[in-house]
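Here's a quick tour of a two-part theme: how pieces of a model sit against each other. Have a look at the structure first, then read on.

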Amino acid sequence: MDKPASVYFFGTCLIDMILPQAGLAAMRLLQREGIKVVYPQGQTCCGQPAYNSGYDKEARAVARRQLDAFPRDIPVVVPSASCAGMIKVQYPRLFAGTPDKGRADHLAARVYELTDFLARVLDWRRKDLGEPITVVLHHSCSARREMGVAEAATVLLSRLEHLETLEPDHAHECCGFGGTFSVKQPEISAAMAADKSMAIASTGAQVLVSQDGGCLMNLGGTLTRRFPDPSQRPAVKHIAELLWERTHEP
Amino acid sequence: MSPEFRVRVGQALGNERVRRNIRRAMDGLVLKRCKAFPDEHELTVLRRRGKLIRGHALANLPDLLRELERNCERNGIRVHWAETAEEGNGIVLDILRRHGAELVIKGKSMVSEEMGLNAYLEAQGIEPVETDLGEFILQLADERPSHIIGPAIHKDRLEVAELFANHFPEIPSGEDIEGLTAAARQIMREYFGRALAGISGVNFAVAETGTLCLVENEGNGRLCTTVPQVHIAVCGIEKVIARLDQLPPLLTLLTRSATGQPITTYVNMISGPRREGELDGPGEVHLVLLDNGRSRVHADRELRSILRCIRCGACMNHCPVYSRLGGHAYGTVYPGPIGSVLEPQLQGIDRLGDLPDASSLCGACGEVCPVRIPLPGLLRRLRAEGIRGRKGSRVIGRGSRRKPMHQLIWALWSRVNACPVLYRGLTGLATRLRWLVPTSLGPWSRTRAAPVIAPRSLHELARAEGLEGE
């Protein structure tokens, strides 16, 4: 796809409430490439929490609002592979056999995960203005598997010349978030989060980034509890924040 | 989460030794599989083929089963149909009784575990002896398999040495693997020579030729199926495939996915009892085809895909939940992702509804499945079945997991998120009153610092930046 003149931005409910600075950074990255960013105020949540809990009807009611919120035929950029995957992969299933199937397919076809959009559509390249830094890039499972876009985030970071990425042990493994899984199966989730956090911490990296706020909330929370002293743990941020911070002249 | 499941999870997570053993074994198997498929393109083609072959078999299941029966009978294999585990056990018992067998040797068979065959035979005064090394160890320890390929994978060498020393003090086996294996071999040989009957599972049953294919690495399977006078094979009805030429791709998918082997040490192709002039082989071969709920699964076009499974175990080897809990915590014969999809369908979602929830839906299982079973999608489907049965669903216990309180929470959640004005109002309020939000969020914050609500939502920030646009 060629660079579009404008895109929709679907911020996701988690970033809306917990990590809005990541959403802002993502939108600034897009704007700086000369793209007009439209943030419809009618957007809410993709519906995934209910969908993954088996409450399809409730999920559909919420998902339908997102079909309403992004009507024009322009790309929809999402700073989360999990929410992007919900729309791109699951909406067509969720709306199968309903009158909204056509609209769901139309939206699904236009959805891009942020790093995938930056790397593949915009061929994003910027000068790294930051100090030398070591980073762990935790790929969310949705980026790695459901969306298959993990490569994009890796490529983007590789284009920052003062940045070194470190690979933790069992890098392919899930961080244990899994949305409602972390509440329904707290012990298993915590065991996974503990292993992942320790693997990341033992790389000694200064920063942990991911494409997904869910993983960051899970890992950031676990790291904070494990290492109360901030100097003992990596700073945790969304990949959009890191890309923006390091390439933007204040 | 049911109290029983919570207790088992707690025990599993608290057992450092078992966790270490399982993790080490899983890491090894993951690596072996990875090395066994160096060519990604070949793997893609093979998986597609595997899916098609198994899908074709399931699409024609009744016809293929009839063809299998016909061709087995023509080969001299007697075919029995068992609708339930009890029926299957009864059939096996009848055959054994007819031959006056008091001892029966067994090759590894998950279907016989599903039937509870050992306990049944013991209650009837017949001694079953497991001859697969892992199963033999478990029989000594009076435990069930924790993995479908490596049943005793949760045990380390020292535990096995201790078991052997307690049970067979007269055989000095030491603590090294060679010594232990030699001791097991010595003990089993005596049984191989004495048993009148042998029981085995089946990996694939070929309809066009009436052939039972059985893979193994220890040779015990071949001994169980050829030395005794009678061989009884127990087999789930879904294991049938149409043609012999479909076997090689499935075998290579199976062995490489399971243990990273290009092929197993033994590949047994059983096509009937001993014929005139032949020097060895059993006088009788029986095939017990077990339904035990599979027909019901088969009737659902989406859920049916779980019956494509060729029992390689790759889904559990790659599962972050299984690799922390091990198989016993699941409380079912089949653990891991395959079990979490299959068992609630066989036993009812009202009984085993916790299992589909015990997944972060990370997708690792679906990514490695050699026959491309969409395991995460099926787990999600079963969650939905637990809440409300889909139209035409036959899942046992559908709708049984809907609780009024949860229903109310999701209804409210839906109401708020389906109404942008309400959503903005409430999220705006939450950012204003963020200091009121509790810093402890129940189970979440037992091990994590709670997330902090931002002072201004992205909706507000975007509006302030004039990003509405429309």
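Which domains does the domain assignment of chain A give? Domain 1 (6–121) and domain 2 (133–247), with bounds taken from an automatic or database domain assignment.

## Ground rules

This is a predicted model: local features need pLDDT of at least 70, side-chain atom pairs count only at pLDDT 80 or more, and totals for chains, interfaces and linings use all residues. Residues are numbered from 1 along each chain as its sequence is written, while chains are lettered from A and ligands numbered from 1 in the order in which they are written.

## Inside chain A

Taken over C-alpha atoms, the centres of domain 1 and domain 2 of chain A are 22 Å apart. Their contact draws 30 residues from domain 1 and 23 residues from domain 2, where contact puts C-beta atoms, placed from the backbone, within 7 Å.

## Chain B against chain A

Here 53 residues of chain B meet 55 residues of chain A. The chain B side splits into 29 nonpolar, 12 polar and 12 charged (nonpolar: Ala, Val, Leu, Ile, Met, Phe, Trp, Tyr, Cys and Pro; charged: Asp, Glu, Lys and Arg; polar: the others, Gly among them).

## A helix pair in chain B

Helices are DSSP runs (H or I, at least four residues), numbered from the N terminus. The axes of H8 (residues 133–141) and H9 (residues 157–167) of chain B come within 10 Å and cross at roughly 60°, with axes fitted to C-alpha atoms over the stretch in contact and angles running from 0 to 180 degrees between N-to-C directions. That makes H8(B) oblique to H9(B) (under 35 degrees is roughly parallel, over 145 roughly antiparallel, 65 to 115 roughly perpendicular, the rest oblique).

Ile137(B), Leu140(B) and Ala141(B) in H8(B) face Val160(B), Leu163(B) and His167(B) in H9(B) as contacts; by class that's 5 nonpolar, 1 polar and no charged residues.

Notes: Two residues are in contact if their C-beta atoms, placed from the backbone, lie within 7 Å. Helices (H or I, at least four residues) and strands (E, at least two) are DSSP runs, numbered from the N terminus.
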